[in-house]
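Here is a short report for a reader meeting this structure for the first time. Look over the sequence and the model, then read on.

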Amino acid sequence: MLKHLLKALHKVWHQLLPTPCLWCSLPVHRFDCQLCDVCEEALPKLPYALCHYNLLWLPHVARGLHKPAFDTLLSVSYYKLPYQHWLQRWKFSHDLAAGDLLTQQLAAIVNQYQQQGGKLPDAILYVPMHRAKQRSRGFNPAEILAQQVAKQLKLPLLTVLYRPHQQQAQVGLSRKQRQRNLRKAFALSSQQPLPANVALVDDVVTTGATANTLCQLLRRHGVKHISLWTVAVTLFD
């Protein structure tokens, strides 16, 4: 009852004061969207028809990922505008509207993957942040993305990964520096058996160093198949 009431109030509020589109700033057409229809249609699309919903099959993507330890890669877009702008607004300026948009976009591409017959994982995990960093930022983008995807797919969300130590931020580091920085960076909080097929969620994959480190840890604990789901993937220059 309360949910329907809030939805009705949201519709009325939209009629009185429409939400501005997060890209062009014109009013959006529907109360539950962050973009107007024109900007939504103009968003860059990845060629999933060519790679069967696995971006690792695209040479220009695979070149930037050094020996990926994950089996498949599913992303909303490349790490370019407008997604680069929205990710930075969300992570560093606490722009919750941008966060809602990115969460909706990732949920939509996962839903598209499911509708095309993609095999779903047994559970969802996410790239953890160190407690001190998460307290400083106030939230973990990967966790929020994973929560929405797990809710949509009705899959368990496993909160078993954590960072025992606080490492230097990965931003701006080379591939080798990222690999050194990630030594013993992650651990499991439970010794319970893990599902054989999981999806690991993060906001951006750049060189794949973080995902590879986590995948190696998961495989040591019995995981056989790992899908990496992200909002964006950085292309190799």
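Cys51 is buried, because its relative accessible area is 1%, and buried means under 20%. Cys33 is buried too: its relative accessible area is 15%. This is a predicted model.

A disulfide is a covalent bond between the sulfur atoms of two cysteines.

## Overall build

The protein has ten helices and six strands. It contains 237 residues, and 47% of them are buried.

Contacts reach across the sequence. Take the contacts between residues at least 6 apart in sequence: 68% of these join residues at least 24 apart.

## The surface

## A look at Val110

Where does Val110 sit? Its place is in helix 6, which covers residues 96-115. Is Val110 buried or exposed? Val110 counts as buried, because its relative accessibility is 0%.

Which residues does Val110 touch, leaving aside those up to four places away in sequence? The partners are Leu74, Val149, Gln152, Leu153 and Trp229.

Methods:
Residues numbered from 1 in each chain as written. Predicted model: local features only at pLDDT ≥ 70, side-chain atom pairs only at ≥ 80, totals over all residues. Heavy atoms only, no water. Buried < 20%, exposed > 50% of the residue type's maximum accessible area, 1.4 Å probe, protein only. Helix = DSSP H or I, 4+ residues; strand = E, 2+ residues; numbered from the N terminus. Contact = heavy atoms within 4.5 Å.
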